[in-house]
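Dear colleague,

Please find below the structure I am handing over to you. A summary of the findings follows it.

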Amino acid sequence: MRTHYDVLGVPATATAEEVRAAYRQAARDHHPDAGGDPRRMRDLNAAWHVLRDPGRRAAYDRQLAGRHGAAARPAPPAGGSGGGAWPLDADDERRADYWAEEADDRPLGETRALSGWWALLPPGTLLAAIAASAGGLVFLSPELFALSGGLFVLAFGLFVLAPLRAMSRKP
């Protein structure tokens, strides 16, 4: 069974820069747009995905050491239904990079919460729409039903707009 190091043609002791250079050279040679094999490019991308990240690479190296060590046993996949090593086959849907992603608990990016009235406006508008609907039912008032419809539309817009505002704020 070929390892990601074999796919890139580097030793397991290769530095991050050596891995990067090997991937770039192999990608130039095997990219489908340059007449290369798409399956080979998928294998290269899977190897690069694991070996470029120090955390994923460390988990992969531990898995390889466990597979080759006599006393050590490979770590079971995170959340998997059974034991066993992380599959490395390109056609298998759950390769080592998948399991490394599953084990990675770092956030994708910085979390930015809304503050002040922007945090209260969307749920407040929704509650006002619900109250206007209830009032329209109690008093059988078409004006309150129309108001509640407008407030529901406004609440929907605010629930979409508020996260976009939070994302656009500078940290």
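**Overall architecture**

From the N terminus on, the elements of the protein follow the order α-α-α-α-α-α-α, that is, 7 helices and 0 strands. Helices (H or I, at least four residues) and strands (E, at least two) are DSSP runs, numbered from the N terminus. This is a predicted model, in which local features need pLDDT of at least 70 and side-chain atom pairs count only at pLDDT 80 or more, while totals for chains, interfaces and linings use all residues. Residues are numbered from 1 along each chain as its sequence is written, and side-chain values use heavy atoms, with hydrogens and water left out.

Of the 171 residues in the protein, 31% are buried (under 20% relative accessible area, 1.4 Å probe, protein chains only).

Helix α7 spans residues 142-168, 27 residues in total. From its first C-alpha to its last it reaches 39 Å, close to the 39 Å expected at 1.5 Å a residue; the expected span is 1.5 Å times one less than the number of residues. Its buried residues are S148, L151, A155, L158, A162 and A166, and their cover includes α6 (117-139).

S148 belongs to helix α7 and counts as buried because its relative accessibility is 4%. Leaving aside residues up to four places away in sequence, S148 touches A129, A132 and S133 (contact means heavy atoms within 4.5 Å). A polar atom of the S148 side chain also lies 2.8 Å from the backbone oxygen of F145.

Yours sincerely

Key
Buried < 20%, exposed > 50% of the residue type's maximum accessible area, 1.4 Å probe, protein only. Polar contact = N/O pair within 3.5 Å; in protein donor to acceptor, adjacent residues only side chain to side chain.
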